[in-house]
Structures are given as structure tokens and as C-alpha cells.
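Subject: Structure handover

Hello,

Here is the structure for you to look through. My notes on its pockets, cavities and ligand follow below.

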Amino acid sequence: MNKKEILDQEILKSIESVYNFSKAPINRYKKTINIEDNKEKLELLKKKIINIKNCELKKNSKKIVFSDGSYKSPVMIIGEGPGQKEDEQGKPFVGDAGQLLNKMLVSINLNRENVYITNVVNYRPPNNRKPEQSEINRYSEFLREHISIIDPKIIILMGSTAMESLFGYKIKISKERGVWKEVIIYNKTYLAITTFHPAYLLRQADQKKYSWIDLKKIRKKIDELKLKI
Ligand code: URA
């Protein structure tokens, strides 16, 4: 080996020992979710709701109904409020409407455990009445915080109460359902779609055909966005 070749060898060796390159590309867009942090935030939000004062809903119900499913899910489902079974079990959508919701999810290859489910109000309205506007407004502050913690890629609003809590009262579900819309919460834009509430579909079976159109749109969006569920 001449002097130049020896020098080249030395340089090569020194480079190899200092740098260790990986062939894997760096994912600069990876979202880092601090899971522990989110769990804590959800607990704090739950405590905040439990501490609500002068609330007729809380006074008349047995338990808080906070949420169910996976808090890591990119899909968040929002219903109206707990019914009797939900009030007893402390879990959303466990009664007849919940059974239908489960079937609706399965029809588009979703599993209840892999989505995140909550309601506009977290305590059962007396006699299952629709929450009043003032109650929807009051709880929508909690709901917004809830959405921002879960940070879903898509929001599914089940029924007019859920739609009103994010989009106001001047719109009609018959016109708005099945349309993707944007909603801004704490400076972040979320994609949301309204569809009929399963309890309504139990009363109005002829409306299921529209629900099926919406469900297919939801599946299509999940595929387009390549959401991992
Ligand atoms: N209806 C809702 O809107 N939410 C529930 O949790 C149950 C029934």
C-alpha cells in the first residue's frame, strides 16, 4: 500500500466509527401524543364536570357518563345525552340506541372499542327530555375541551343536539346531515359530519336509508385519510 492508500483507509475507518447511518427515513411529521398527559387531562376534565354547580341534570341523575372506547382513536362520536341504562352503568350508548350504534359501526367495519364515544351532556336529562339550550351551551364548553384533548381526525355528530352544540341552532339536521364540515376549536380545525341519531332511527326505520348513505361517506373519508383504527 502506498501512502495515499494508507491514508484513505485511515479516513474511511475514522468515518465508519464516528457515523452510524440508518437507512430508515426520518418521519418529520410524526405526531407525538403524550398518552399519560392525555389521560391526566381527561381525568381533570371529568373532575371539572363532576364539580359542576346548580345543574338540574346532575341533581337528577345517578352517575356521570363521561366516555367509552379508545381515547387514542382518530374517530370521535358524539351523542346527545345519557338515558336510563347509561345513567345506571355510567357508560354512553349501552341501551337500545347503543345496540343500533354498534351495528351501524360494524356495517362500515368499525368496532366500538376502537372509536371514542361521548355525549353533549354528561348527566341524564330527567325523563330523557332533550337538553335545553342553556344546558347544551353550558356543556359545550366541556365538549370543546374534550374534543381538543382527544384531537380526532373526524367527528361524527349523532343527531340534532350534537350538531347544535357545535354548529348552533339555526340549521336543520334534514339539510345538514351527510355533509362534511369544518369546525374550529381552540384554533384547530376539525372535520365533522352529522348523521341521524340511532334512537331516531329506531322510531323512524324509513330514515335508515339516509343513515346508510352517511355511513358510507364516513367509511370513504376514513379510507381517504388512511386513518388507522
Ligand atoms: N343516546 C345518546 O345520545 N347517548 C347515549 O349515551 C345513549 C343514548
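The lining of the largest pocket divides into ten nonpolar, ten polar and seven charged residues (Ala, Val, Leu, Ile, Met, Phe, Trp, Tyr, Cys and Pro count as nonpolar, Asp, Glu, Lys and Arg as charged, and the others, Gly among them, as polar). This is a predicted model, where local features need pLDDT of at least 70, side-chain atom pairs count only at pLDDT 80 or more, and totals for chains, interfaces and linings use all residues. Residues are numbered from 1 along each chain as its sequence is written, and side-chain values use heavy atoms, with hydrogens and water left out.

The pocket

The largest pocket holds about 670 Å³ of space. Of its 27 lining residues, Glu80, Gly81, Ala97, His197 and Ala199 lie nearest the centre. Two or more lining residues come from each of helix H4 (84-89), helix H5 (96-107), helix H7 (160-167) and helix H9 (198-203). H9 gives the most, with four residues. Helices (H or I, at least four residues) and strands (E, at least two) are DSSP runs, numbered from the N terminus.

On a 1 Å grid over the protein atoms alone, a pocket is an open set of points with protein on both sides within 12 Å along at least five of seven lines, a cavity is a set where a 1.4 Å probe fits but cannot get out, and lining residues have an atom within 4 Å of a point. Points are joined across faces, edges and corners, and a volume is the space filled by probe spheres set on them.

The ligand

The ligand sits in the largest pocket (more than half of its atoms lie within 2 Å of the grid points). Around it are Gly79, Glu80, Gly81, Glu86, Pro92, Phe93, Asn119 and His197, each with a heavy atom within 4 Å. By class, this shell has two nonpolar, four polar and two charged residues.

Polar contacts are pairs of N or O atoms within 3.5 Å:
- A backbone N or O atom of Glu80 is 2.7 Å from a ligand oxygen atom.
- A polar backbone atom of Gly81 is 3.1 Å from a ligand nitrogen atom.
- A polar side-chain atom of Asn119 is 2.8 Å from a ligand nitrogen atom.

The protein buries 92% of the 230 Å² that the ligand exposes when taken alone (Shrake-Rupley method, 1.4 Å probe).

The cavity

The count comes to one cavity of 30 Å³ or more. Leu101, Met104, Leu105, Ile108, Ile156, Met158, Leu215 and Ile218 line the largest cavity. H5 gives the most to this lining, with three residues.

Regards

Technical notes
A polar contact is a pair of N or O atoms within 3.5 Å; within protein, one must be able to donate a hydrogen and the other to accept it, and residues adjacent in sequence count only if both atoms are side-chain atoms.
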